[in-house]
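Biologist: I'd like to learn how to read salt bridges and helix packing in a model. Could you walk me through one?

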Amino acid sequence: MFIYSLPLFFTHIGLASPLDLLIIFMALFIALFISSLLFGENSRKQSSDPYLLAAWNGSAPLKWAFWPFFLILNACLYTADTLVKAGIFTVSGWDDVHLMLLLPIVWWTTAVWRCSPNTDLSVWAACARLLTVGVFFEYSLKLLIRIDYPRIFFGCDELLLDYGSCF
């Protein structure tokens with residue numbers, strides 16, 4: 001997450017400084033931590049449901065709902081961005097990857113928020129929830145770059161078939 005989009009955001013777009021985003025994320029983390037202390041009922045209900053259904057229902061441990069998809073998602077995003085930067089992937093292919101990952105991200109966010117009481121420390125629930133919010137911030141940055149600043153991310157000079165997507 002944020003490997004290619006955040007440097008572009010700070011250098012070319014400049015809507016906020018690194019200190020501004022750090023303050024926003026720290027305030028959001030504190031709010032999520034306090035909400036996990038106040039509203040977390042630490043329910044350790046175990047289920048015999050399959051993994052995806054147990055995570056969706058909130059009966060799986062947080063680490064099993066969070067880590068597998070987080071690692072797969074970041075590997076997919078990094079691969080798609082690297083292939084675009086190398087000129088191997090087109091703008092349309094990059095759009096398709098992000099659109100295909102959108103529905104699993106909604107499932108994952110729901111599963112993490114429902115499973116966040118199933119951890120020993122409230123700080124882990126707050127961190128997991130903050131990272132799910134961070135994924136949506138990453139997607140909004142990529143949408144901003146795709147719509148308003150495509151020439152700084154995509155190799156528009158090298159794209160022959162998909163040159164119209166750079167405008």
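Modeller: Gladly! The term means a side-chain nitrogen of Lys or Arg within 4 Å of a carboxyl oxygen of Asp or Glu. K142 lies in helix α6 (residues 122-148) and D81 in helix α4 (residues 62-85), so the pair ties together parts 61 residues apart in sequence. Helices here are DSSP runs of H or I with at least four residues, numbered from the N terminus. Please keep in mind that this is a predicted model, in which local features need pLDDT of at least 70 and side-chain atom pairs count only at pLDDT 80 or more, while totals for chains, interfaces and linings use all residues. Residues are numbered from 1 along each chain as its sequence is written, and side-chain values use heavy atoms, with hydrogens and water left out.

Biologist: Are K142 and D81 buried or exposed?

Modeller: Both K142 and D81 are buried. Buried means under 20% relative accessible area, exposed over 50%, and partly exposed in between (1.4 Å probe, protein chains only).

Biologist: How many salt bridges does a search of the whole structure find?

Modeller: The search finds three. In another of them, K142 meets E138 at 3.2 Å, N to O. K142 and E138 are four residues apart in helix α6, so about one helical turn separates them. Shared partners join D81, E138 and K142 into one network. There is also a salt bridge between D95 and R146, at 3.0 Å from N to O. That pair links distant parts of the chain, with D95 in helix α5 (residues 91-115) and R146 in helix α6, 51 residues apart. D95 counts as partly exposed at 26% relative accessibility, whereas R146 is buried at 17%.

Biologist: And how do I read the packing of α5 and α6?

Modeller: Two packed helices are described by the angle between their axes and the distance between the axes. Axes are lines fitted to C-alpha atoms over the stretch in contact, and angles run from 0 to 180 degrees between N-to-C directions. Here the angle is about 160 degrees and the axes of α5 and α6 are 11 Å apart. The two helices are therefore roughly antiparallel (angles over 145 degrees).

Biologist: Which residues does T109 contact, leaving aside neighbours within four places in sequence?

Modeller: T109 is in contact (heavy atoms within 4.5 Å) with T132 and F136. T109 sits in helix α5 and is buried, with a relative accessible area of 14%.

Notes. Angles under 35 degrees count as roughly parallel, over 145 as roughly antiparallel, 65 to 115 as roughly perpendicular and the rest as oblique.
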